[in-house]
Amino acid sequence: MPSLCRDCLHKFSDGASCPSCGSPRIAVHPELFQLSVAHMDCDAFYASVEKRDDPSLADKPVIVGGRKRGVVSTACYIARIQGIRSAMPMFRALRLCPDAVVVRPRMDAYSAVSRQIRDLLDELTPAVEPLSLDEAFIDLTGTARLHGEPPALMLARLAGRMESEIGITASIGLSHNKFLAKVASDLDKPRGFSIIGKEETVRYLSEKPVDLIWGVGSSTKGALERVGIRTFGDLRRWDRNDLAKNFGAIGTRLWHLARGEDSRRIKPNRAVKSISCETTFEQDISDADILEGHIWRLAERVSDRAKAKGRSGRVVTLKVKRSNHAVLTRRTSLARPTQMADKIFSEARNLFQTVADRAPFRLAGVGISEVEFVNAEESGGNLLDPQESLRFKAEKATDEIRSKFGSGAILRGRSLR
């Protein structure tokens, strides 16, 4: 049976441990060196970055997210053992794990680590399709001749480099299409390396629940269960036309996925439609100065993400949620797209002034949309605001200092509100 040591990358046949280094971390599969479509998913990414940057958190349950009235962005595996999950209300998470350390998200730090990971991926192949900061599809078809080694070995080396050079662990799923690669990457987290081959696909899926399929949430799952479909095996017994008749376009997709068929190609540089950030406050806020401080920090986070992706947006959006949960959204179009925090904040602040009298608010969000690649350097020139170009120059200088000395090297006064 083809085997690969995930630690020393030694290739061999059979064995419970590596004959070269003795490691038990072995990838074994009859199609190990034939498959080339992969899904890479970092393990508890935000929490892992926090633990890497603060070693005192290493053995503690860590939750990244808002405070009492926020939600969990992610939780480390120590916290997950106690039942904490992403998107769980924070009050419930703290009830399950009262000794958890709650850390505010640092999007600029996560974006910087994401760029490091992307650099490693780009060394392997140009066919990388990012899904978020911490996961991506990778197509290594045809790269064995270029690199002189099979995709499985390159992926094992990638995981090792991420851990040794960046300090972040990842789980790899290797298969023959995107759907199965994504399924495989979830099988053995953290630090997993799982494989689903062509020959075993139908047999492997047969008893798996249908909510394993991306997009099958509680509503679709309930509709399927009402007609007796709970597993892939149940799904496979249905006629294709009957599935389409009962479930529309998704019925045809389900028919193919029940057989492990997925013809989607890995698309590099997937279109980014919008970039946004929001925060839920621990208490309802009425004070306009404090709210503007939050809007500035949100604008900065949106700007950092836009700069990391090389994007600008032509529309700025402000979202606020009142204490009765009513959501107010305001947006404005710009004469030219921007990625600068100062400009995003300025427009968001103007939008805020149109709803300020509706306070108190429990949540605020800022975003940009109609996003496009940056084609020209922004100058900040504005006849109605002669100081804008000076603020733009100051922001660019700030960006350069932060890139050298860290995100906390310089703070704006308004960010301390």
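Predicted model: local features only at pLDDT ≥ 70, side-chain atom pairs only at ≥ 80, totals over all residues.

Student: OK. What is the strand order in the open sheet of four strands?

Tutor: The order is β12-β15-β13-β14, with antiparallel pairing.

Student: Which strands stand at the edges there?

Tutor: β12 (274-285) and β14 (327-338). Each has a single partner strand, so one side of each is left without a neighbour in the sheet.

Student: And what does the twist average?

Tutor: It averages 15° from one strand to the next.

Student: How many bridges join β12 to β15?

Tutor: Eight, and the two strands run antiparallel.

Student: Now the open sheet of three strands. What's the order?

Tutor: β2-β1-β3, paired antiparallel. β2 (11-13) and β3 (26-28) are at the edges. The twist averages 30° from one strand to the next.

Student: How many bridges link β1 and β3?

Tutor: Three, in the antiparallel sense. Cys 5 has Ile 26 in β3 as its bridge partner.

Student: Switching to charges. How many salt bridges are there?

Tutor: The count comes to 19. One of them joins the side chains of Arg 106 and Glu 50, at 3.0 Å from N to O.

Student: Why does that pair tie together parts that are apart in sequence?

Tutor: Arg 106 lies in the loop between β7 and α4, and Glu 50 in helix α1, so the pair ties together parts 56 residues apart.

Student: Is Glu 50 buried or exposed?

Tutor: Buried, at 5% relative accessibility. Arg 106 is partly exposed, at 28%.

Student: What about Glu 165? Which residue does it form a salt bridge with?

Tutor: Arg 161, with the closest N and O atoms 2.8 Å apart. They are four residues apart in helix α6, which means about one helical turn separates them.

Student: And which residue forms a salt bridge with Glu 163?

Tutor: Arg 191, with the closest N and O atoms 3.3 Å apart. Glu 163 is in helix α6 and Arg 191 in the loop between α7 and β11, so this pair ties together parts 28 residues apart in sequence.

Student: Last one. Which residues do salt bridges with shared partners join into one network?

Tutor: Glu 50, Arg 52, Asp 53 and Arg 106.

Methods
Residues numbered from 1 in each chain as written. Heavy atoms only, no water. Pairing = 2+ DSSP bridges. Axes fitted to C-alpha atoms, helices over the stretch in contact; angles between N-to-C directions. Salt bridge = Lys/Arg side-chain N within 4 Å of Asp/Glu carboxyl O. Buried < 20%, exposed > 50% of the residue type's maximum accessible area, 1.4 Å probe, protein only.
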